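Please work through each task before reading its solution.

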Amino acid sequence: MAIVAALALVPSVWLLVALHRSGRRLARAAGFWAGLPYRQGRRAATRGDWFSVRFLAFSGDLFLRVLTSALAGLAAVFTVSSVYYSIAVDPSAGGVAASVALSALLVSVCVGQCGGVQRIQNGYTARDPWTFARRARG
């Protein structure tokens with residue numbers, strides 16, 4: 001059983017790393033292309049864009065990512081507390097190992113999704129009239 005699990009683990013980890021790297025590139029590209037017309041001067045930032053930039057996380061495509069990231073963060077807090085429970089209240093080596101592994105997974109999911117949302121939002125900062133005006137003044 002351990003051999004079968006190890007054989008399944010290697011391609012799974014490779015797939016997760018590849019998905020992480022491609023997702024990171026896609027988020028960076030989405031942010032770049034979203035702000036490109038404003039950085040090149042083809043579009044001007046308006047006063048209404050101030051609200052658009054501030055409430056971008058509530059758009060349909062990003063809100064789901066923010067929501068799942070928050071849920072992963074809450075689950076990570078729960079599993080970190082279960083590490084304490086597995087050590088102090090009901091000591092078991094298997095419980096500690098499972099709690100630590102699940103905590104690491106959920107923390108990485110939370111941080112990865114928050115980072116992706118932040119990368120996309122950073123691309124939209126060129127749309128913000130206040131930061132655009134500050135950059136233009138020097």
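**Exercise 1.** Which helix contributes the largest share of the nonpolar patch?

The model is predicted, so local features need pLDDT of at least 70 and side-chain atom pairs count only at pLDDT 80 or more, while totals for chains, interfaces and linings use all residues. Residues are numbered from 1 along each chain as its sequence is written, and side-chain values use heavy atoms, with hydrogens and water left out.

Step 1. Patches consist of residues with over 30% relative accessible area and no salt bridge, where like charges are joined within 9 Å and nonpolar side chains (Val, Leu, Ile, Met, Phe, Trp, Tyr) within 5 Å. Areas follow the Shrake-Rupley method with a 1.4 Å probe; for residues, only the protein chains shown count as cover. A salt bridge is a side-chain nitrogen of Lys or Arg within 4 Å of a carboxyl oxygen of Asp or Glu.

Step 2. Phe-51, Phe-55, Phe-58, Phe-63, Leu-64, Leu-67, Leu-71 and Leu-74 make a nonpolar surface patch of about 870 Å².

Step 3. Helix α3 (residues 60-89) supplies the largest share, five residues. Helices (H or I, at least four residues) are DSSP runs, numbered from the N terminus.

Step 4. Leu-67 is found in helix α3 and is partly exposed, at a relative accessible area of 39%. Here buried means under 20%, exposed over 50%, and partly exposed in between (1.4 Å probe, protein chains only).

**Exercise 2.** Identify the residues of the positive surface patch.

Step 1. Lys and Arg count as positive and Asp and Glu as negative, whereas His and the chain ends are not counted. The charge is placed at NZ of Lys, CZ of Arg, CG of Asp or CD of Glu.

Step 2. The patch is formed by Arg-21, Arg-24, Arg-25 and Arg-28. Of these, Arg-25 lies in helix α1 (residues 2-40).

**Exercise 3.** State the C-alpha separation for Tyr-84 and Val-100, for Leu-36 and Ser-69, and for Asp-90 and Pro-129.

Step 1. Tyr-84, in helix α3, is exposed at 57%. Tyr-84 and Val-100 are 16 residues apart along the chain, with C-alpha atoms separated by 9.9 Å.

Step 2. Leu-36, in helix α1, is buried at 11%. Leu-36 and Ser-69 are 33 residues apart along the chain and 27 Å apart between C-alpha atoms.

Step 3. Asp-90 is partly exposed at 44%. Between Asp-90 and Pro-129, 39 residues apart in sequence, the C-alpha separation is 56 Å.

How values were computed. Helices (H or I, at least four residues) and strands (E, at least two) are DSSP runs, numbered from the N terminus.
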